[in-house]
Amino acid sequence: MILCAGESLIDMVPEGGAFRPLAGGAVYNTAIALGRIGAPAGYLWPISRDPFGEALLRPLAEAGVDTGLCPRSARLTTLAFVTLTGGEARYSFYDEGSAGRMLAPEDLPPIPDSVSALFIGGISLVPDPCGAAIEALVARLRGKVPVMIDPNIRPFFIADADAYRARLDRLLAMADLVKLSSDDLEWLMPGASFAQAAAGLLAKGATAVFQTGGSEGATAHWQGEPIAAPALRVEVADTIGAGDTFNAGVLASLHADGVLSREGLGRIGPDQLLAALRQGTRAAAITVSRPGANPPWAHELAALPA
């Protein structure tokens, strides 16, 4: 299964002058999307025993995501209050001492042989001890299974930029697949173009770097010529969960094509990368067409025009 390790939280989304609680979190959203698309998915992150914890577990179960590696915690669930400007989401996090924030390297469970790929990213990489725990997990699994990272950088959440840049440098050097948005690139490599950033990451050992650009579609940088797929035109409700769903579409496509393995990535070609981009952009289009992080199910993807 594809193991997603990283934050889950409650997005407090503005609605009618108040806030509506919705299950979310970058890595959590990717796990949900993978399960809904039909890929074998697992999730690793502490889940609170508070009422929000139960609200987080329910969609995972409905999507068929394996939560056997999720420890339960008496600590509270992280909250993220969302503000929307022109459909673009901005966040304020309430995270100190939360269930996920306090995950330490020594709390990591044994990882079963059924795990065939690892996905990480989001705010779970930033603070300690949870950031150190995810880094330890990657170090444990690198070389055994493919690792995909989406930094999904939230600058206002980063207290020590130098320390976080150093962590990302270490993680990116261990990653096989990398997804970067223009916001990620601007913070991580100021002044660099996507082509320059991708070349540097490929030189460090990545197989592919996925560049996302919202309505401009997505591009895969790899050892051959860059491959691009257009965005599917939809009426945007908001962008919450768009990148997370894109990640799931890419991973699910690579899995279905039989190349989401150490050996498989060594023989990946343009056809598999284009298929992954198309599924990622199409899945993301459905997500942005409705409020909150609400990834599509397999039948919804299948109903889209070719």
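The largest cavity in this predicted model has a volume of about 120 Å³. A cavity here is a set of points, on a 1 Å grid over the protein atoms alone, where a 1.4 Å probe fits but cannot get out. Grid points are joined across faces, edges and corners, and the volume is the space filled by probe spheres set on the points. Lining residues have an atom within 4 Å of a point. Of the 20 residues lining the largest cavity, Ser8, Trp45, Thr78, Ser98 and Gly100 are the closest to its centre. The lining divides into 10 nonpolar, 7 polar and 3 charged residues; Ala, Val, Leu, Ile, Met, Phe, Trp, Tyr, Cys and Pro count as nonpolar, Asp, Glu, Lys and Arg as charged, and the others, Gly among them, as polar.

Residues are numbered from 1 along each chain as its sequence is written. Local features need pLDDT of at least 70 and side-chain atom pairs 80 or more, totals for chains, interfaces and linings use all residues, and side-chain values use heavy atoms, without hydrogens and water.

Next come the sheets. Strands of a sheet pair through backbone hydrogen bonds, either parallel or antiparallel. Strands (E, at least two residues) and helices (H or I, at least four) are DSSP runs numbered from the N terminus, and two strands pair if DSSP finds at least two bridges between them.

Strand β7 (residues 79–85) runs antiparallel to β8 and is joined to it by 7 bridges. Val82 has Tyr91 of β8 as its bridge partner.

Strand β1 (residues 2–5) pairs with strand β9 (residues 117–121) in the parallel sense over 3 bridges. Leu3 has Leu118 of β9 as its bridge partner.

Axes are lines fitted to C-alpha atoms, for helices over the stretch in contact, and angles run from 0 to 180 degrees between N-to-C directions. The axes of helix α7 (residues 242–256) and helix α9 (residues 270–288) come within 7 Å and cross at roughly 145°. Their contact has 11 nonpolar, 8 polar and no charged residues.

Methods:
On a 1 Å grid over the protein atoms alone, a cavity is a set of points where a 1.4 Å probe fits but cannot get out, and a pocket is an open set with protein on both sides within 12 Å along at least five of seven lines; lining residues have an atom within 4 Å of a point.
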